Amino acid sequence: MFRPARLAVTAMALLAVASAALPAQNRPNATKVARPERPVWPDEGPRTWAPRPTVSAITANDLRTRLYQFADDSMQGRRIGEKGNVKGTEYIAGEFKRLGLRPAGDSGTYFQTLPFGPTQFDSSASSLQIGGAALAPKRDWIPTAPTAQNGFGGKADLNGVPTVFAGTWGDTAVMLDAEAFKGKVAVFRVAPGAGTSGGVRGPASFVSCADVPNKFGVTAILAADKVAASTPARAVLGSAIATAARDSRARRAGAVAVLVIGLDDMTPATINAAFEGRNGMRPTSAANADAPAGATISRKMAERLFGKPIGEVTVGTVGQPITASWNHTWRPAVYAARNVIAVLPGSDPTLKEEYVLAGAHNDHVGINTTVTDHDSLRATNFVTRRQGNNDPSCIPTTEQQVKINALIAKARAARPARKDSIMNGADDDGSGSMVLLELAEKFAKEKPARSVIFVSHQGEEGGLLGSRWFVDNPTIPLEKVVAAHNMDMVGKGRVDQVKFGGPNSVQMLGARRLSRDFGDIIDSVNANSAEPMVIDKSWDIPANPLNRFCRSDQVNYVRKDIPVVYMSLGYGPDYHMQSDEPQYIDYDHAARLGRFVHEVMTAVANRKEKPAIGGADPTYPGCNR
């Protein structure tokens, strides 16, 4: 499930283990003879699983065979645009082909390629000169990436353009005269104590877990959010980003570029990242295309510009001319980002033109830069972060630390410490992806009236990218999709980890948002099922706790007026953690959920009438999409 980026310090920092080699593998070194391991955790299964032939029925062992491969360390966390993700999508496409499903991607393939890749500065083609002398990138200067916040353009093409000192960045009390700045390069200093230009904020301090409200279950989350909304936010420690706030005075005065004196105050990580770029979908237009470009320079270079300490320079002072060239441009990722799409044609001469859709996302979040001890991480999360990365990090109380230490001691008695950095994403969303393949194998032996389309979404973790690309660029007539079923995190659901969990529970959101008829079909199927599910609808409320409905791919189907249901077994302590591995999945529960989804899809596929659209419910969030 997609987790919007936020500035935070996680409990990973408390558990970090120094390691010179990344990625750390979860398996013991093959050259060493490891002692037999005993299970440590109540939800723990075997570390490895020998693949075996799958069958047409949706079974726990089929899911094991699939997921132990798909969420293996060799997949390197399946981050979009990386090699491990390509391996994962190759596996899914190979299974679609083996099952005899029709390719429904681009140009007769199973793949629909997204225009995804980095937008960045090319270090070999970026240059800045003062009076004809070249400055060293990173040591003397870095270009500033354009954002909506800073208002800078991304392209500089200057030849011998004079510089003019403009005073302090953000000091709007000082007006810049157009006669002095038009066609020139404005040079700003950072206000004392204002922090870094283009840098990062300092971390928030850790808080005691005693001060963190319980957020286990919808009611607790809503109560905590209500308290938080009435409590003034505490200031974040550290410095503000000097150029994060827009200062448009130079642009209004006609300056063609801006230099900010702040390189000395930036962190090495921020400086080194200047030419690394940021991955995303291909922009439809250049950011701030008509705005002056920006760069950050060191104090030494500023003194070279004006021939004196910068504290002695006054607004309007003309400095040496500069020659500059850089361009913030997009290029495709080295490893293609791909949806994987297949179709089982329907058997009814008329209804086969319509589709019933099943979806799940194939990506996760790659390799974590923090290496942790696997069991210590689980011990901490079991006590203080029951919903994994949905819960804030905190300093355990004395009582909690005793519990954590006891769990770690139990683990150490059973096995040695295990360094871990790979975010395997077994539950999120390896579980949904493998249930998707089980559905495909089940339907491949059947003849539903309507066609069934299977969409393995790419880039959900990057912002629901693949589902958006599919609905905006459909490979089948989108208006012919009568209902969609999205599965995300269907591998947990244990009663001790999920509020209202249990062996036949399912959390369901969205079924009636566009079509009450669709929700009625699901309830009717469940009432007549040999394996009825206990449907938890507590999350499906206008308050949208944890922004739950808006954080997975169903949102983009709602945008296109397609009835869609989101099914999940809920969050657990491994959510967005290195410990989200195949050995902790409840395969019997996931298989049961898969059989239920198959029953619902079969009912929709064979029903004479498609679910009626009643229109969007205005009381529910639109998710800004």
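1. Because C209 sits in the loop between β8 (185-189) and α5 (218-229), and C394 in the loop between α9 and α10 (398-414), the pair ties together parts that lie 185 residues apart in sequence. Helices (H or I, at least four residues) and strands (E, at least two) are DSSP runs, numbered from the N terminus.

2. The structure is a predicted model, in which local features need pLDDT of at least 70 and side-chain atom pairs count only at pLDDT 80 or more, whereas totals for chains, interfaces and linings use all residues. Residues are numbered from 1 along each chain as its sequence is written, and side-chain values use heavy atoms, with hydrogens and water left out.

3. On confidence, the mean pLDDT of the protein is 91, and 90% of its residues reach 70 or more; pLDDT is the predictor's confidence in each residue, on a scale from 0 to 100. Over residues 6-31, however, the pLDDT is below 50, and this stretch has 67 contacts in the model beyond near neighbours in sequence, where a contact means heavy atoms within 4.5 Å. The pLDDT also stays under 50 over residues 196-205, for which the model has 34 contacts beyond four places in sequence.

4. How many disulfides does the structure hold? There are two, and besides the pair described above, a disulfide joins C550 to C623, with an S to S distance of 2.0 Å. The torsion about the S-S bond of C550 and C623 is about -70°, so this disulfide is left-handed. C550 lies in the loop between β20 (534-536) and α14 (554-559) and C623 in the segment after α15 (587-606), and the pair links these distant parts of the chain, 73 residues apart. Both C550 and C623 are buried. With the bonded cysteines of the protein numbered in sequence order, the pairing reads 1-2, 3-4.

5. Helix α9, residues 374-384, is mostly covered, ten of its eleven residues being buried, among them H374, R378 and N381. The axes of α9 and α10 come within 9 Å and cross at roughly 145°; axes are lines fitted to C-alpha atoms, for helices over the stretch in contact, and angles run from 0 to 180 degrees between N-to-C directions. The crossing is right-handed, in the sense that the near helix is turned clockwise from the far one by less than a right angle, left-handed being the anticlockwise case. Where they meet, α9 contributes D375, S376, A379, T380, F382, V383 and T384, and α10 contributes Q400, K403, I404, L407, I408, A411 and R412. The residues of this contact divide into seven nonpolar, four polar and three charged, with Ala, Val, Leu, Ile, Met, Phe, Trp, Tyr, Cys and Pro counted as nonpolar, Asp, Glu, Lys and Arg as charged, and the others, Gly among them, as polar.

6. Helix α2, residues 60-70, is likewise mostly covered, with nine of its eleven residues buried, including L63, L67 and F70. Its buried residues pack against α3, α11 (426-443) and α15. In helix α3 (residues 83-98) one finds K97, which is exposed at a relative accessible area of 61%.

7. The loop between β20 and α14 also holds D553, which counts as buried at 0% relative accessibility. Leaving aside residues up to four places away in sequence, D553 touches H361, H457, E460, L464, S467 and N486.

8. Most residues other than glycine have a negative phi, and most peptide bonds are trans. In the loop between β20 and α14, N544 has a positive phi near 55° and is buried, with a relative accessible area of 8%. N547, in that loop, has a positive phi of about 55°, but is partly exposed at 35% relative accessible area. A cis peptide bond joins D428 and D429, with omega about -15°, and D429 is found in helix α11.

Methods. Buried means under 20% relative accessible area, exposed over 50%, partly exposed in between (1.4 Å probe, protein chains only). A disulfide is a pair of cysteine sulfur atoms within 2.5 Å.
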